[in-house]
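Please look over the sequence and the model shown here, and then read the notes that follow, which are grouped by topic.

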Amino acid sequence: MEDYHLYNKNGLAFYVFRKSQGVWQLAFGVLADDIKEACIDALILRFDTDVPELFYHHGKRQVVEVRAKKYSLWHIYLNNAYVGSIQYDTFTKQFNYHLEDNGLLTDDHVQKYIALIQRGELKWIKDYIR
């Protein structure tokens, strides 16, 4: 569990946002729902390092995570549910991917995540080569 303190612009009022078991919530303070959700969005994008993006679909927050695994493999999750994978082939030096038929993520999304991996903006567990 982690707490994050946000201070109002007057420096007096503060709010405590808590991340517990991967879920963010306002633990202390009172904010309008839209402001609270905007703060949580900003905290997710700033502190959840495996999250390349979030978006809203039918008013519900959709959080995409790309988690590095061993052997140049990444799993893609949407709201903690597995939706696909990316793999780097060390012989061809190409990225390949598989995307489940969930409808929300597209090939363009995965291409964007591959570009983030190539630029080092998403974790990469490099293979140990002997």
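Predicted model: local features only at pLDDT ≥ 70, side-chain atom pairs only at ≥ 80, totals over all residues.

F14 is placed in strand β2, which covers residues 14-20, and together with Y7 and F28 it makes a nonpolar surface patch of about 340 Å².

- Strand β1, residues 2-7, pairs with β2 in the antiparallel sense, and the pairing runs over 6 bridges.
- Y7, which is also a member of the patch, stands opposite F14 in β2.
- Between the two strands of this hairpin there are 6 residues, and G11 takes a positive phi near 80° there.
- A salt bridge is formed by the side chains of D3 and R18, with 2.6 Å from N to O; since D3 lies in strand β1 and R18 in strand β2, this pair ties together parts that are 15 residues apart in sequence.
- Both partners count as partly exposed, D3 with a relative accessibility of 38% and R18 with one of 24%.

**Salt bridges elsewhere in the chain**

- In general, side chains of opposite charge can pair when their charged atoms come close.
- A search of the whole structure finds 9 salt bridges, and one of them joins the side chains of D50 and K123 at 3.7 Å, N to O.
- That pair links distant parts of the chain, with D50 in the loop between α1 (33-47) and β4 (53-57) and K123 in the segment after α2 (107-118), 73 residues apart.
- D50 is buried, because its relative accessible area is 16%.
- K112 forms a salt bridge with E53, in which the closest N and O atoms are 3.0 Å apart; K112 lies in helix α2 and E53 in strand β4, so the pair ties together parts that are 59 residues apart in sequence.
- Within this pair, K112 is partly exposed at a relative accessible area of 40%, whereas E53 is buried at 13%.

**The chain as a whole**

- The protein chain has 2 helices and 8 strands, which follow the pattern β-β-β-α-β-β-β-β-β-α along the sequence.
- Its radius of gyration is 18 Å, well over the 14 Å that the globule rule gives for 130 residues, so the chain is more spread out than a compact globule.
- The C-alpha trace spans about 55 × 35 × 25 Å along its principal axes, and 34% of the 130 residues count as buried.
- The domain assignment gives domain 1 (3-48) and domain 2 (62-119), and the C-alpha centres of these two domains lie 29 Å apart.

How values were computed: Residues numbered from 1 in each chain as written. Heavy atoms only, no water. Patch = residues over 30% accessible without salt bridge, like charges linked within 9 Å, V, L, I, M, F, W, Y side chains within 5 Å. Areas by Shrake-Rupley, 256 points an atom, 1.4 Å probe, with all protein chains shown as cover. Salt bridge = Lys/Arg side-chain N within 4 Å of Asp/Glu carboxyl O. Helix = DSSP H or I, 4+ residues; strand = E, 2+ residues; numbered from the N terminus. Pairing = 2+ DSSP bridges. Domains from an automatic or database assignment. Rg over C-alpha atoms; globule rule 2.2 N^0.38 Å. Buried < 20%, exposed > 50% of the residue type's maximum accessible area, 1.4 Å probe, protein only.
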